[in-house]
Amino acid sequence: MFINYLKYCLRQAVVSLSRNRWLALISTGMIAVSLAILGGFLLGAVNVDQVMKNVQSNLEIAVFLNESADIPALEEKIAQLDGISSLRFIDRHKGLEEFGRSLGDEALLEELTGESNPLPDAFRVRGVSVELIPELAGQIERFSGVESVDYGGELVLSITSISGWLNSFSIAVSALLAVGAIFLVGTTIRLSVVIRQEEIGIMKHLGASNWFIRLPFLLEGLAIGFAGTLVSLTVLGLAYYRLAALLIRKSPLFFLHPVTDPGKLFLVFGSLLLLGVVMGGLGSLFSIRRFLKV
Amino acid sequence: MLYMPIWKEVPLLIRMEAVSKIYKTGGTPALSDLDLQIGRGEFVFLVGPSGAGKTTLIKLISREEMPTSGRIDFLERDTAAYREPELLRHRRRMGLVFQDYRLLKSKTIYENVAMALEVIGRPSREIRELVPSALERVGLLEKENSFPSELSGGEQQRAGIARAIVRKPLLILADEPTGNVDRKTARGLMDLFETINSDGTTVIVATHAWDLVDRLQKRVITLEKGRITGDEQQGSYDHVH
(Lines give C-alpha, C1' and ligand atoms only; values in the text may rest on other atoms or scores of the structure.)
Protein backbone atom coordinates (compact mmCIF):
# COMPACT_ATOMS: atom_id res chain seq x y z
CA MET A 1 0.00 0.00 0.00
CA PHE A 2 2.78 2.41 0.97
CA ILE A 3 4.71 1.62 -2.24
CA ASN A 4 1.62 2.41 -4.34
CA TYR A 5 1.15 5.59 -2.41
CA LEU A 6 4.77 6.60 -2.91
CA LYS A 7 4.63 5.76 -6.61
CA TYR A 8 1.51 7.89 -6.99
CA CYS A 9 3.11 10.82 -5.15
CA LEU A 10 6.32 10.58 -7.19
CA ARG A 11 4.34 10.51 -10.43
CA GLN A 12 2.34 13.55 -9.36
CA ALA A 13 5.49 15.42 -8.37
CA VAL A 14 7.14 14.69 -11.74
CA VAL A 15 4.02 15.70 -13.69
CA SER A 16 3.72 18.90 -11.69
CA LEU A 17 7.40 19.77 -12.10
CA SER A 18 7.27 19.22 -15.85
CA ARG A 19 4.03 21.22 -16.09
CA ASN A 20 5.60 24.21 -14.28
CA ARG A 21 9.11 23.57 -15.54
CA TRP A 22 10.00 27.20 -16.20
CA LEU A 23 9.01 28.39 -12.78
CA ALA A 24 10.65 25.34 -11.25
CA LEU A 25 13.85 26.16 -13.17
CA ILE A 26 13.77 29.78 -12.02
CA SER A 27 13.26 28.66 -8.42
CA THR A 28 16.07 26.15 -8.78
CA GLY A 29 18.30 28.91 -10.13
CA MET A 30 17.39 31.28 -7.31
CA ILE A 31 18.06 28.63 -4.70
CA ALA A 32 21.37 27.91 -6.42
CA VAL A 33 22.33 31.61 -6.30
CA SER A 34 21.18 32.01 -2.69
CA LEU A 35 23.02 28.93 -1.53
CA ALA A 36 26.13 29.78 -3.52
CA ILE A 37 26.29 33.14 -1.69
CA LEU A 38 25.48 31.45 1.59
CA GLY A 39 28.11 28.81 0.84
CA GLY A 40 30.61 31.53 -0.05
CA PHE A 41 30.04 33.11 3.35
CA LEU A 42 30.35 29.76 5.08
CA LEU A 43 33.59 28.95 3.30
CA GLY A 44 34.80 32.47 4.12
CA ALA A 45 33.96 31.90 7.79
CA VAL A 46 35.74 28.55 7.83
CA ASN A 47 38.81 30.13 6.25
CA VAL A 48 38.79 33.15 8.57
CA ASP A 49 38.61 30.71 11.42
CA GLN A 50 41.62 28.85 10.06
CA VAL A 51 43.56 32.08 9.57
CA MET A 52 42.66 33.04 13.14
CA LYS A 53 43.95 29.71 14.39
CA ASN A 54 47.13 30.02 12.32
CA VAL A 55 47.79 33.49 13.63
CA GLN A 56 46.84 32.43 17.13
CA SER A 57 49.15 29.46 17.17
CA ASN A 58 52.05 31.67 16.10
CA LEU A 59 51.28 34.75 18.11
CA GLU A 60 53.90 35.40 20.78
CA ILE A 61 54.64 38.00 23.38
CA ALA A 62 58.20 39.22 23.09
CA VAL A 63 59.34 40.09 26.63
CA PHE A 64 62.49 42.27 26.45
CA LEU A 65 64.58 42.26 29.61
CA ASN A 66 66.79 44.89 31.08
CA GLU A 67 70.39 44.13 31.98
CA SER A 68 69.71 43.72 35.71
CA ALA A 69 66.96 41.12 35.23
CA ASP A 70 67.08 37.96 37.34
CA ILE A 71 66.38 35.61 34.44
CA PRO A 72 65.67 32.32 36.34
CA ALA A 73 63.35 34.09 38.83
CA LEU A 74 61.51 35.89 36.03
CA GLU A 75 61.16 32.69 34.04
CA GLU A 76 59.56 31.02 37.05
CA LYS A 77 57.15 33.91 37.62
CA ILE A 78 56.03 33.96 33.98
CA ALA A 79 55.62 30.19 33.87
CA GLN A 80 53.29 30.37 36.85
CA LEU A 81 50.84 32.71 35.10
CA ASP A 82 47.50 31.21 33.99
CA GLY A 83 47.08 30.79 30.24
CA ILE A 84 50.73 30.34 29.26
CA SER A 85 51.23 27.57 26.72
CA SER A 86 54.98 27.92 26.13
CA LEU A 87 57.92 29.96 27.29
CA ARG A 88 61.29 30.22 25.62
CA PHE A 89 64.38 32.22 26.61
CA ILE A 90 66.26 33.87 23.76
CA ASP A 91 69.54 35.47 24.70
CA ARG A 92 70.57 38.60 22.83
CA HIS A 93 73.00 36.69 20.54
CA LYS A 94 70.46 34.11 19.52
CA GLY A 95 67.91 36.89 19.09
CA LEU A 96 70.19 38.60 16.61
CA GLU A 97 70.65 35.36 14.68
CA GLU A 98 66.91 34.85 14.45
CA PHE A 99 66.41 38.42 13.36
CA GLY A 100 69.03 37.97 10.68
CA ARG A 101 67.32 34.82 9.43
CA SER A 102 63.97 36.57 9.30
CA LEU A 103 65.54 39.30 7.14
CA GLY A 104 66.82 36.59 4.80
CA ASP A 105 70.39 37.92 4.81
CA GLU A 106 72.41 37.34 7.94
CA ALA A 107 75.40 39.15 6.43
CA LEU A 108 73.57 42.45 6.83
CA LEU A 109 73.91 42.15 10.61
CA GLU A 110 77.56 41.15 10.76
CA GLU A 111 78.57 44.54 12.11
CA LEU A 112 76.13 44.26 14.99
CA THR A 113 77.55 41.09 16.52
CA GLY A 114 79.30 40.93 19.87
CA GLU A 115 79.19 44.04 22.02
CA SER A 116 77.55 46.06 19.26
CA ASN A 117 74.44 43.87 19.46
CA PRO A 118 71.59 46.31 20.26
CA LEU A 119 69.13 43.57 21.17
CA PRO A 120 68.35 42.73 24.83
CA ASP A 121 67.77 39.25 26.22
CA ALA A 122 64.16 38.20 25.83
CA PHE A 123 61.51 35.62 26.52
CA ARG A 124 59.10 34.45 23.82
CA VAL A 125 55.78 33.62 25.46
CA ARG A 126 52.75 31.96 23.88
CA GLY A 127 49.27 31.99 25.34
CA VAL A 128 46.68 29.19 25.15
CA SER A 129 44.33 31.55 23.29
CA VAL A 130 44.66 34.76 21.36
CA GLU A 131 42.19 36.57 23.62
CA LEU A 132 44.50 36.08 26.64
CA ILE A 133 47.53 37.69 25.01
CA PRO A 134 46.80 41.34 25.93
CA GLU A 135 46.13 40.47 29.57
CA LEU A 136 49.23 38.26 29.86
CA ALA A 137 51.35 40.97 28.26
CA GLY A 138 50.04 43.51 30.79
CA GLN A 139 50.87 41.24 33.73
CA ILE A 140 54.36 40.40 32.46
CA GLU A 141 55.14 44.05 31.75
CA ARG A 142 54.71 44.82 35.46
CA PHE A 143 57.36 42.29 36.56
CA SER A 144 60.70 43.75 37.65
CA GLY A 145 63.47 43.16 35.17
CA VAL A 146 61.12 43.59 32.22
CA GLU A 147 62.06 46.45 29.94
CA SER A 148 59.09 46.21 27.55
CA VAL A 149 56.71 43.75 25.95
CA ASP A 150 55.50 43.52 22.35
CA TYR A 151 52.75 41.25 21.06
CA GLY A 152 51.24 43.06 18.11
CA GLY A 153 48.33 44.16 20.32
CA GLU A 154 46.46 45.98 17.59
CA LEU A 155 46.66 43.00 15.25
CA VAL A 156 45.19 40.73 17.90
CA LEU A 157 42.35 43.11 18.66
CA SER A 158 41.63 43.67 14.95
CA ILE A 159 41.55 39.97 14.15
CA THR A 160 39.24 39.28 17.08
CA SER A 161 36.87 42.09 16.19
CA ILE A 162 36.89 41.46 12.40
CA SER A 163 36.23 37.80 12.92
CA GLY A 164 33.32 38.51 15.29
CA TRP A 165 31.88 41.10 12.90
CA LEU A 166 32.25 38.77 9.91
CA ASN A 167 30.48 35.97 11.74
CA SER A 168 27.53 38.19 12.71
CA PHE A 169 27.31 39.64 9.20
CA SER A 170 27.42 36.25 7.51
CA ILE A 171 24.79 34.85 9.88
CA ALA A 172 22.47 37.82 9.15
CA VAL A 173 22.95 37.68 5.36
CA SER A 174 22.63 33.90 5.33
CA ALA A 175 19.39 34.05 7.31
CA LEU A 176 17.97 36.63 4.89
CA LEU A 177 18.97 34.55 1.89
CA ALA A 178 17.51 31.43 3.43
CA VAL A 179 14.17 33.17 4.05
CA GLY A 180 14.22 34.49 0.47
CA ALA A 181 14.88 31.02 -0.92
CA ILE A 182 12.08 29.49 1.18
CA PHE A 183 9.74 32.20 -0.10
CA LEU A 184 10.74 31.44 -3.70
CA VAL A 185 10.15 27.71 -3.37
CA GLY A 186 6.88 28.56 -1.63
CA THR A 187 5.80 30.67 -4.60
CA THR A 188 6.56 27.89 -7.06
CA ILE A 189 4.71 25.33 -5.00
CA ARG A 190 1.80 27.72 -4.44
CA LEU A 191 1.41 28.01 -8.19
CA SER A 192 1.41 24.23 -8.49
CA VAL A 193 -1.19 24.08 -5.74
CA VAL A 194 -3.39 26.70 -7.43
CA ILE A 195 -3.15 24.83 -10.74
CA ARG A 196 -4.12 21.63 -8.97
CA GLN A 197 -6.69 23.17 -6.62
CA GLU A 198 -9.61 21.43 -8.31
CA GLU A 199 -7.79 18.12 -8.08
CA ILE A 200 -7.05 18.72 -4.39
CA GLY A 201 -10.75 19.41 -3.76
CA ILE A 202 -11.75 16.20 -5.52
CA MET A 203 -9.10 14.24 -3.64
CA LYS A 204 -10.42 15.56 -0.33
CA HIS A 205 -13.95 14.55 -1.32
CA LEU A 206 -12.63 11.10 -2.19
CA GLY A 207 -11.19 10.76 1.29
CA ALA A 208 -7.51 11.42 0.61
CA SER A 209 -5.56 12.19 3.77
CA ASN A 210 -3.82 15.53 4.19
CA TRP A 211 -0.44 13.82 3.94
CA PHE A 212 -1.46 12.07 0.74
CA ILE A 213 -2.21 15.48 -0.77
CA ARG A 214 0.81 17.15 0.78
CA LEU A 215 3.44 14.60 -0.19
CA PRO A 216 3.63 15.26 -3.97
CA PHE A 217 4.05 18.99 -3.26
CA LEU A 218 6.60 18.25 -0.57
CA LEU A 219 8.53 16.03 -2.99
CA GLU A 220 8.34 18.79 -5.59
CA GLY A 221 9.81 21.32 -3.13
CA LEU A 222 12.48 18.89 -2.00
CA ALA A 223 13.44 18.19 -5.62
CA ILE A 224 13.73 21.93 -6.36
CA GLY A 225 15.78 22.42 -3.19
CA PHE A 226 18.01 19.46 -4.03
CA ALA A 227 18.56 20.51 -7.65
CA GLY A 228 19.29 24.12 -6.65
CA THR A 229 21.75 22.98 -4.02
CA LEU A 230 23.52 20.64 -6.44
CA VAL A 231 24.00 23.49 -8.93
CA SER A 232 25.29 25.81 -6.21
CA LEU A 233 27.63 23.16 -4.78
CA THR A 234 29.07 22.45 -8.23
CA VAL A 235 29.73 26.12 -8.93
CA LEU A 236 31.00 26.77 -5.41
CA GLY A 237 33.18 23.66 -5.43
CA LEU A 238 34.83 24.53 -8.74
CA ALA A 239 35.38 28.18 -7.75
CA TYR A 240 36.82 27.22 -4.37
CA TYR A 241 39.09 24.59 -5.89
CA ARG A 242 40.59 27.13 -8.30
CA LEU A 243 40.93 29.85 -5.67
CA ALA A 244 42.48 27.46 -3.17
CA ALA A 245 44.98 26.18 -5.73
CA LEU A 246 45.91 29.78 -6.60
CA LEU A 247 46.34 30.81 -2.98
CA ILE A 248 48.45 27.78 -2.13
CA ARG A 249 50.72 28.49 -5.11
CA LYS A 250 51.00 32.26 -4.79
CA SER A 251 50.43 33.26 -1.17
CA PRO A 252 53.72 34.06 0.55
CA LEU A 253 52.13 33.92 4.00
CA PHE A 254 51.55 30.41 5.34
CA PHE A 255 48.65 31.54 7.52
CA LEU A 256 46.73 32.70 4.45
CA HIS A 257 46.58 29.18 3.06
CA PRO A 258 42.96 28.11 2.48
CA VAL A 259 41.19 25.22 4.16
CA THR A 260 41.74 22.01 2.19
CA ASP A 261 40.85 19.52 4.91
CA PRO A 262 38.23 17.23 3.26
CA GLY A 263 36.48 16.74 6.60
CA LYS A 264 35.88 20.47 7.09
CA LEU A 265 34.85 21.02 3.45
CA PHE A 266 32.49 18.03 3.57
CA LEU A 267 30.86 19.54 6.64
CA VAL A 268 30.27 22.86 4.82
CA PHE A 269 29.01 21.27 1.60
CA GLY A 270 26.95 18.66 3.43
CA SER A 271 25.31 21.35 5.57
CA LEU A 272 24.47 23.33 2.43
CA LEU A 273 22.90 20.28 0.80
CA LEU A 274 20.81 19.58 3.88
CA LEU A 275 19.83 23.23 4.17
CA GLY A 276 18.78 23.45 0.50
CA VAL A 277 16.60 20.36 0.76
CA VAL A 278 15.09 21.53 4.05
CA MET A 279 14.38 24.97 2.55
CA GLY A 280 12.62 23.32 -0.40
CA GLY A 281 10.53 21.20 1.93
CA LEU A 282 9.64 24.08 4.24
CA GLY A 283 8.60 26.25 1.30
CA SER A 284 6.26 23.50 0.12
CA LEU A 285 4.69 22.89 3.50
CA PHE A 286 3.99 26.58 4.09
CA SER A 287 2.28 26.92 0.69
CA ILE A 288 0.07 23.87 0.85
CA ARG A 289 -1.18 24.35 4.42
CA ARG A 290 -4.05 26.74 3.77
CA PHE A 291 -5.32 24.87 0.71
CA LEU A 292 -6.00 21.69 2.60
CA LYS A 293 -9.27 22.75 4.21
CA VAL A 294 -12.05 21.37 2.02
CA MET B 1 -47.45 13.33 4.84
CA LEU B 2 -44.56 14.01 7.16
CA TYR B 3 -41.90 11.44 7.82
CA MET B 4 -42.95 8.52 10.01
CA PRO B 5 -40.32 6.12 11.33
CA ILE B 6 -41.60 3.06 9.49
CA TRP B 7 -38.12 1.63 8.79
CA LYS B 8 -37.30 0.89 12.39
CA GLU B 9 -36.25 -2.63 11.55
CA VAL B 10 -33.71 -1.34 9.02
CA PRO B 11 -30.38 -0.36 10.60
CA LEU B 12 -30.10 3.39 10.42
CA LEU B 13 -27.48 4.93 8.21
CA ILE B 14 -28.18 8.57 9.01
CA ARG B 15 -29.99 10.15 11.94
CA MET B 16 -30.40 13.93 12.23
CA GLU B 17 -31.76 15.55 15.35
CA ALA B 18 -32.74 19.23 15.48
CA VAL B 19 -30.12 20.08 12.87
CA SER B 20 -29.75 23.73 11.86
CA LYS B 21 -27.20 25.35 9.65
CA ILE B 22 -26.58 29.08 9.48
CA TYR B 23 -23.71 30.17 7.20
CA LYS B 24 -23.49 33.76 8.38
CA THR B 25 -24.13 34.97 11.92
CA GLY B 26 -27.55 36.61 11.97
CA GLY B 27 -28.33 35.37 8.45
CA THR B 28 -31.27 33.26 7.29
CA PRO B 29 -30.80 29.60 8.28
CA ALA B 30 -29.99 27.32 5.33
CA LEU B 31 -31.53 24.49 7.37
CA SER B 32 -33.79 24.80 10.44
CA ASP B 33 -34.41 22.27 13.13
CA LEU B 34 -34.28 19.20 10.90
CA ASP B 35 -35.19 15.74 12.20
CA LEU B 36 -34.52 12.98 9.73
CA GLN B 37 -33.64 9.31 9.56
CA ILE B 38 -32.41 7.42 6.51
CA GLY B 39 -32.03 3.67 6.64
CA ARG B 40 -29.47 1.49 4.89
CA GLY B 41 -30.40 0.56 1.36
CA GLU B 42 -32.93 3.37 0.88
CA PHE B 43 -33.31 5.47 -2.26
CA VAL B 44 -34.18 9.03 -1.28
CA PHE B 45 -34.93 12.05 -3.43
CA LEU B 46 -34.33 15.47 -1.91
CA VAL B 47 -36.55 17.93 -3.75
CA GLY B 48 -37.38 21.56 -3.34
CA PRO B 49 -36.87 24.92 -4.99
CA SER B 50 -33.44 26.51 -5.35
CA GLY B 51 -32.13 27.68 -1.98
CA ALA B 52 -34.32 25.21 -0.08
CA GLY B 53 -31.26 23.64 1.57
CA LYS B 54 -30.76 20.46 -0.50
CA THR B 55 -27.07 21.05 -1.18
CA THR B 56 -26.48 22.10 2.44
CA LEU B 57 -28.07 18.86 3.61
CA ILE B 58 -25.76 16.86 1.32
CA LYS B 59 -22.74 18.80 2.57
CA LEU B 60 -23.72 18.09 6.16
CA ILE B 61 -24.06 14.36 5.46
CA SER B 62 -20.67 14.24 3.72
CA ARG B 63 -19.31 16.38 6.57
CA GLU B 64 -18.03 18.98 4.23
CA GLU B 65 -19.94 21.33 6.51
CA MET B 66 -20.75 21.08 10.21
CA PRO B 67 -24.20 21.88 11.62
CA THR B 68 -24.56 25.11 13.59
CA SER B 69 -26.66 23.18 16.07
CA GLY B 70 -28.15 19.71 16.40
CA ARG B 71 -26.60 16.32 15.89
CA ILE B 72 -25.92 14.09 12.88
CA ASP B 73 -25.17 10.41 13.43
CA PHE B 74 -23.79 8.21 10.69
CA LEU B 75 -24.01 4.51 11.52
CA GLU B 76 -24.85 5.46 15.10
CA ARG B 77 -21.74 7.65 15.46
CA ASP B 78 -21.87 11.41 16.01
CA THR B 79 -20.16 12.93 12.97
CA ALA B 80 -19.15 16.03 14.95
CA ALA B 81 -16.93 13.82 17.11
CA TYR B 82 -14.89 12.55 14.17
CA ARG B 83 -11.17 12.94 14.31
CA GLU B 84 -9.22 13.00 11.04
CA PRO B 85 -8.92 9.20 10.56
CA GLU B 86 -12.67 8.78 11.17
CA LEU B 87 -13.51 11.64 8.84
CA LEU B 88 -11.43 9.98 6.12
CA ARG B 89 -13.18 6.66 6.75
CA HIS B 90 -16.52 8.47 6.61
CA ARG B 91 -15.71 9.98 3.21
CA ARG B 92 -14.36 6.68 1.94
CA ARG B 93 -17.66 5.02 2.77
CA MET B 94 -19.54 7.32 0.41
CA GLY B 95 -19.44 8.25 -3.25
CA LEU B 96 -20.20 11.81 -4.29
CA VAL B 97 -21.71 12.73 -7.64
CA PHE B 98 -21.75 16.40 -8.67
CA GLN B 99 -23.80 18.38 -11.16
CA ASP B 100 -20.62 19.60 -12.89
CA TYR B 101 -19.10 16.06 -12.86
CA ARG B 102 -15.78 17.28 -11.38
CA LEU B 103 -13.66 15.11 -13.63
CA LEU B 104 -10.05 16.09 -14.16
CA LYS B 105 -9.60 17.22 -17.75
CA SER B 106 -5.98 16.16 -17.87
CA LYS B 107 -6.77 12.56 -16.97
CA THR B 108 -8.48 9.86 -19.00
CA ILE B 109 -11.76 8.41 -17.84
CA TYR B 110 -9.90 5.34 -16.56
CA GLU B 111 -7.48 7.55 -14.59
CA ASN B 112 -10.30 9.65 -13.15
CA VAL B 113 -12.05 6.57 -11.84
CA ALA B 114 -8.78 4.98 -10.68
CA MET B 115 -8.02 8.11 -8.64
CA ALA B 116 -10.76 7.17 -6.16
CA LEU B 117 -8.77 4.03 -5.36
CA GLU B 118 -5.30 5.55 -5.67
CA VAL B 119 -6.00 8.22 -3.04
CA ILE B 120 -6.79 5.53 -0.48
CA GLY B 121 -3.70 3.54 -1.45
CA ARG B 122 -5.37 0.51 -3.07
CA PRO B 123 -2.88 -1.82 -4.83
CA SER B 124 -2.48 -1.57 -8.61
CA ARG B 125 -3.79 -5.09 -9.10
CA GLU B 126 -7.06 -4.19 -7.36
CA ILE B 127 -7.31 -0.96 -9.34
CA ARG B 128 -6.88 -2.90 -12.60
CA GLU B 129 -9.79 -5.15 -11.60
CA LEU B 130 -12.20 -2.64 -10.07
CA VAL B 131 -11.96 0.25 -12.54
CA PRO B 132 -12.99 -1.70 -15.69
CA SER B 133 -15.77 -3.33 -13.68
CA ALA B 134 -17.15 0.07 -12.58
CA LEU B 135 -16.83 1.46 -16.10
CA GLU B 136 -18.63 -1.54 -17.51
CA ARG B 137 -21.42 -1.04 -15.00
CA VAL B 138 -22.04 2.50 -16.23
CA GLY B 139 -21.55 1.48 -19.87
CA LEU B 140 -18.32 3.37 -20.47
CA LEU B 141 -15.74 0.60 -20.76
CA GLU B 142 -15.02 1.33 -24.40
CA LYS B 143 -14.36 4.99 -23.54
CA GLU B 144 -11.83 4.34 -20.78
CA ASN B 145 -9.00 5.96 -22.70
CA SER B 146 -10.97 9.04 -23.69
CA PHE B 147 -10.57 12.37 -21.99
CA PRO B 148 -13.62 14.05 -20.41
CA SER B 149 -13.70 16.70 -23.16
CA GLU B 150 -14.24 13.94 -25.72
CA LEU B 151 -17.42 12.72 -23.99
CA SER B 152 -20.99 14.02 -23.90
CA GLY B 153 -22.44 15.45 -20.68
CA GLY B 154 -24.30 12.23 -19.96
CA GLU B 155 -21.17 10.16 -20.50
CA GLN B 156 -19.15 12.44 -18.25
CA GLN B 157 -21.76 12.04 -15.53
CA ARG B 158 -21.62 8.27 -15.98
CA ALA B 159 -17.86 8.51 -15.45
CA GLY B 160 -18.56 10.53 -12.29
CA ILE B 161 -20.91 7.79 -11.12
CA ALA B 162 -18.32 5.12 -11.94
CA ARG B 163 -15.83 7.03 -9.76
CA ALA B 164 -18.43 7.16 -6.98
CA ILE B 165 -19.24 3.43 -7.07
CA VAL B 166 -15.80 1.99 -7.75
CA ARG B 167 -15.09 1.68 -4.02
CA LYS B 168 -18.44 -0.04 -3.42
CA PRO B 169 -19.61 2.65 -0.99
CA LEU B 170 -22.41 2.42 1.57
CA LEU B 171 -23.93 5.64 0.34
CA ILE B 172 -24.11 7.58 -2.92
CA LEU B 173 -24.75 11.31 -2.52
CA ALA B 174 -25.71 12.99 -5.79
CA ASP B 175 -26.28 16.73 -5.97
CA GLU B 176 -28.32 17.64 -9.09
CA PRO B 177 -26.68 14.86 -11.12
CA THR B 178 -28.97 15.45 -14.09
CA GLY B 179 -28.76 19.24 -14.04
CA ASN B 180 -26.54 19.47 -17.11
CA VAL B 181 -28.01 16.73 -19.33
CA ASP B 182 -31.10 16.31 -21.50
CA ARG B 183 -34.23 14.52 -20.30
CA LYS B 184 -33.49 11.24 -22.04
CA THR B 185 -29.95 11.07 -20.66
CA ALA B 186 -31.27 12.07 -17.24
CA ARG B 187 -33.66 9.12 -17.28
CA GLY B 188 -30.75 6.82 -18.12
CA LEU B 189 -28.75 8.21 -15.21
CA MET B 190 -31.61 7.78 -12.78
CA ASP B 191 -32.03 4.17 -13.97
CA LEU B 192 -28.38 3.70 -13.23
CA PHE B 193 -28.83 5.05 -9.68
CA GLU B 194 -31.77 2.67 -9.27
CA THR B 195 -29.61 -0.29 -10.37
CA ILE B 196 -26.90 0.75 -7.91
CA ASN B 197 -29.52 1.02 -5.16
CA SER B 198 -30.92 -2.40 -5.99
CA ASP B 199 -27.53 -3.86 -4.96
CA GLY B 200 -28.03 -2.46 -1.46
CA THR B 201 -26.24 0.86 -1.74
CA THR B 202 -28.12 3.76 -0.15
CA VAL B 203 -28.68 6.54 -2.70
CA ILE B 204 -29.61 10.13 -1.92
CA VAL B 205 -30.28 12.35 -4.94
CA ALA B 206 -30.99 16.07 -4.73
CA THR B 207 -32.84 17.09 -7.86
CA HIS B 208 -35.20 19.48 -9.61
CA ALA B 209 -36.20 16.86 -12.21
CA TRP B 210 -39.83 16.31 -11.18
CA ASP B 211 -40.64 13.86 -13.99
CA LEU B 212 -37.82 11.53 -12.89
CA VAL B 213 -38.88 11.73 -9.26
CA ASP B 214 -42.46 10.90 -10.16
CA ARG B 215 -41.39 8.07 -12.48
CA LEU B 216 -39.24 6.18 -9.94
CA GLN B 217 -41.73 6.32 -7.06
CA LYS B 218 -39.08 6.39 -4.30
CA ARG B 219 -38.98 8.13 -0.93
CA VAL B 220 -39.22 11.87 -1.50
CA ILE B 221 -38.16 14.41 1.12
CA THR B 222 -39.31 17.92 0.29
CA LEU B 223 -37.38 20.88 1.60
CA GLU B 224 -38.58 24.47 1.57
CA LYS B 225 -36.79 27.39 3.16
CA GLY B 226 -34.56 25.03 5.11
CA ARG B 227 -37.40 22.95 6.59
CA ILE B 228 -38.79 19.54 5.73
CA THR B 229 -42.29 20.09 4.42
CA GLY B 230 -42.87 16.60 3.08
CA ASP B 231 -41.49 13.09 3.48
CA GLU B 232 -43.24 10.33 1.55
CA GLN B 233 -42.49 6.76 0.67
CA GLN B 234 -43.18 6.29 -3.07
CA GLY B 235 -43.60 10.05 -3.19
CA SER B 236 -43.85 12.56 -5.98
CA TYR B 237 -42.79 16.12 -6.70
CA ASP B 238 -46.28 17.50 -6.03
CA HIS B 239 -45.44 19.26 -2.78
CA VAL B 240 -42.97 21.65 -4.35
CA HIS B 241 -44.44 24.99 -5.25
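## Briefing on a predicted two-chain model

In helix 2 (residues 84-92) of chain B, the buried residues are B:E86, B:L87, B:L88, B:H90 and B:R91, where buried means under 20% relative accessible area, exposed means over 50% and partly exposed lies in between, with a 1.4 Å probe and protein chains only. Helices (H or I, at least four residues) and strands (E, at least two) are DSSP runs numbered from the N terminus. This is a predicted model, in which local features need pLDDT of at least 70 and side-chain atom pairs count only at pLDDT 80 or more, while totals for chains, interfaces and linings use all residues. Residues are numbered from 1 along each chain as its sequence is written, chains are lettered from A and ligands numbered from 1 in the order in which they are written, and side-chain values use heavy atoms, with hydrogens and water left out.

**Packing around helix 2 of chain B**

- The buried residues of this helix pack against helix 7 (197-205) of chain A, and also against helix 1 (54-61), strand 4 (69-74), strand 5 (77-78) and strand 6 (94-97) of chain B, with contact meaning heavy atoms within 4.5 Å.

**The cavity**

- A search of the whole structure finds 1 cavity of 30 Å³ or more, a cavity being a set of points, on a 1 Å grid over the protein atoms alone, where a 1.4 Å probe fits but cannot get out.
- The largest cavity holds about 40 Å³ of space, and a volume of this kind is the space filled by probe spheres set on grid points that are joined across faces, edges and corners.
- Its lining, made up of residues with an atom within 4 Å of a point, consists of A:I202, A:H205, A:L206, B:L96, B:F98 and B:R163.
- These lining residues divide into 4 nonpolar, 1 polar and 1 charged, where Ala, Val, Leu, Ile, Met, Phe, Trp, Tyr, Cys and Pro count as nonpolar, Asp, Glu, Lys and Arg as charged, and the others, Gly among them, as polar.

**Aromatic rings and charges**

- Over all chains, the search of the whole structure finds 4 aromatic pairs; rings of Phe, Tyr and Trp (its six-membered ring) pair if their centres lie within 6.5 Å, and planes under 30 degrees apart count as stacked, over 60 as edge-to-face and the rest as tilted.
- The ring centres of A:F41 and A:F169 are 5.7 Å apart and the planes stand at 70°, so this pair is edge-to-face.
- Because A:F41 lies in helix 2 (residues 21-58) of chain A and A:F169 in helix 6 (residues 153-195) of chain A, the pair ties together parts that are 128 residues apart in sequence.
- A:F41 is partly exposed, at 23% relative accessible area, and A:F169 is also partly exposed, at 37%.
- A:W165 and A:F169 form a stacked aromatic pair, 5.4 Å centre to centre with 5° between the planes, and both lie in helix 6 of chain A, 4 residues apart, which is about one turn of the helix.
- A:W165 is exposed, with a relative accessible area of 56%, and A:F41, A:W165 and A:F169 form one aromatic cluster.
- The charged end of A:R214 sits over the ring of A:W211, 4.7 Å from its centre, a description that requires NZ of Lys or CZ of Arg within 6 Å of the ring centre and within 35 degrees of the ring normal.
- In chain B, the charged end of B:R102 sits over the ring of B:F98, 4.0 Å from its centre.

- B:T178 is placed in the loop between strand 7 (171-175) and helix 6 (183-198) of chain B, and at 8% relative accessibility it counts as buried.
- Leaving aside neighbours within four places in sequence, B:T178 is in contact with B:A186, B:L189, B:M190, B:T207, B:A209 and B:L212.
- A:L218, in helix 8 (residues 210-250) of chain A, is buried with a relative accessible area of 13%.
- Not counting residues up to four places away in sequence, A:L218 touches A:W211, A:G281, A:S284 and A:L285, and from C-alpha to C-alpha A:L218 and A:S284 are 5.3 Å apart in space although 66 residues apart in sequence.

**Positive phi values**

- Most residues other than glycine have a negative phi.
- B:D33, which is not a glycine, has a positive phi of about 50°; B:D33 is in strand 2 (residues 31-39) of chain B and is partly exposed, at 47% relative accessible area.

Terms used:
On a 1 Å grid over the protein atoms alone, a cavity is a set of points where a 1.4 Å probe fits but cannot get out, and a pocket is an open set with protein on both sides within 12 Å along at least five of seven lines; lining residues have an atom within 4 Å of a point.
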